[in-house]
Amino acid sequence: MVSRRITDLEYAIRDVAVVANEVAKSGRKVYHLNIGDPVKYDFKTPKYISQALANATFKGQNFYVDSLGVYELREEISKHENHKNKLTITADDVLITSGVTEGILFVIAGLIEKNKEILIPGPSYPVYINYAKFFDGIPVEYELDESNDWDPNIDDLRKKVTDKTQAILLASPNNPTGVVYSSKKIKEIIDIAGEYDLPVISDEIYDQIIYEKEFTCPASLSKDVPIIGMNGFSKAHLATGWRIGYLYYHDPEDKLNELKEGLQKMARARLCANSIAQFAAIEALKNPGHHTDDMVKKLKERRDYSYKRLRQIEGISCIKPEGAFYLFPKIDFNEYTQWKNDKEFIIDLVRKTGICGVYGSGFGNYGKDHIRLTFLPDLEILETVYNLLEDFLK
Ligand SMILES: Cc1ncc(COP(=O)(O)O)c(C=O)c1O
């Protein structure tokens, strides 16, 4: 009765929540380290941005807006990108979406033909895999190499380009590994894309949540290869539930005109993104405030604490994340461990301790034997969590 499209959909991050809810119902406290939503913890949407949203609704800006997005917001975004990343885009190169998630849907829908391939990092955000399959395409994972601090394995990527490949996607900082790609690696990926005449899709949602390294914007390194960048207001501006994101096109040789036109049609078909949140987003860009810096400072402390604790636990190894807010430790499964795989581990963990993480295989084949834990909770909660995890593994 229902289509394969929906029966095949999987989303490990929310699937685990179903088991966690059962555990909570039984009366045990659940520690939600599964969802990457800072606003659920002690990071709150800045008041001046919320005020701007309230003003917009009281001013009566509750109507459908332009399908491509409010022009003033598109202009502010182009200025912001040009300033931050030394690009030369205009408002016409920006399309407002309902979060980066809708941006991913649009771009994959716009580029993937049946049984054609899209190269995505492995492990990575499950939505890429989901939408590639949803549109009858084939997601092909190129390796992020754990033995090399999760750096993209360029030889592996190159080997996986075929005559069916339609795009290369990169996400730096990456979810779930936290790796921030170096400029050198990004350039190598762009060069491969150029060689095979492929567009690059760049998910930049964590560009401002970086600890030691600098963010390199792929478009800033590309002279001719077309890049579709994606970013939004969920993470850096602490407005996850508002669902505002955007796509921008860096297209020095006008290779994306057809895609741009097609995505405009898609945008019209779904009317528009949330109107009042767009007016508030203008305010967030015009008066950036210091909430992002404050958040990064707090997160760095939480990362350092979590990383230190994890490293002290026998049977676990972990690379220190350079960006985003996830740890992606590897569990040493062997003949002495009672769990067969990461999924069994995560389900047993939440049942016995209340710690709710996500199994690594939910992030693609390269994620297996790992678990993902956010370090968004405060230090007191993290201390309890790591004490529980330590006992659990004993
Ligand atoms: C890599 C990545 N891209 C996009 C998103 C979703 O962003 P948005 O809230 O803008 O849809 C997430 C959310 O966790 C993410 O990890």
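Biologist: What makes Thr101, Ile104, Leu105 and Ile108 in α5 meet Val127, Tyr128, Tyr131 and Ala132 in α6?

Modeller: Contact means heavy atoms within 4.5 Å, and by that rule these residues of α5 and α6 meet. They divide into 7 nonpolar, 1 polar and no charged; here Ala, Val, Leu, Ile, Met, Phe, Trp, Tyr, Cys and Pro count as nonpolar, Asp, Glu, Lys and Arg as charged, and the others, Gly among them, as polar. Please keep in mind that this is a predicted model, where local features need pLDDT of at least 70, side-chain atom pairs count only at pLDDT 80 or more, and totals for chains, interfaces and linings use all residues. Residues are numbered from 1 along each chain as its sequence is written, and side-chain values use heavy atoms, with hydrogens and water left out.

Biologist: Why is Asp136 with Arg4 called a salt bridge?

Modeller: The term asks for a side-chain nitrogen of Lys or Arg within 4 Å of a carboxyl oxygen of Asp or Glu. The closest N and O atoms of Asp136 and Arg4 are 2.7 Å apart, so the pair qualifies.

Biologist: And how many salt bridges does the rule find across the interface of domain 1 and domain 2?

Modeller: The rule finds 5 there. Domain 1 covers 4-44 + 291-393 and domain 2 covers 47-286, with bounds from an automatic or database domain assignment.

Biologist: What area do domain 1 and domain 2 bury between them?

Modeller: About 3500 Å², 58% of it on carbon and sulfur atoms. Buried area is the accessible area (1.4 Å probe) that two parts lose on being put together, summed over both.

How values were computed: Helix = DSSP H or I, 4+ residues; strand = E, 2+ residues; numbered from the N terminus.
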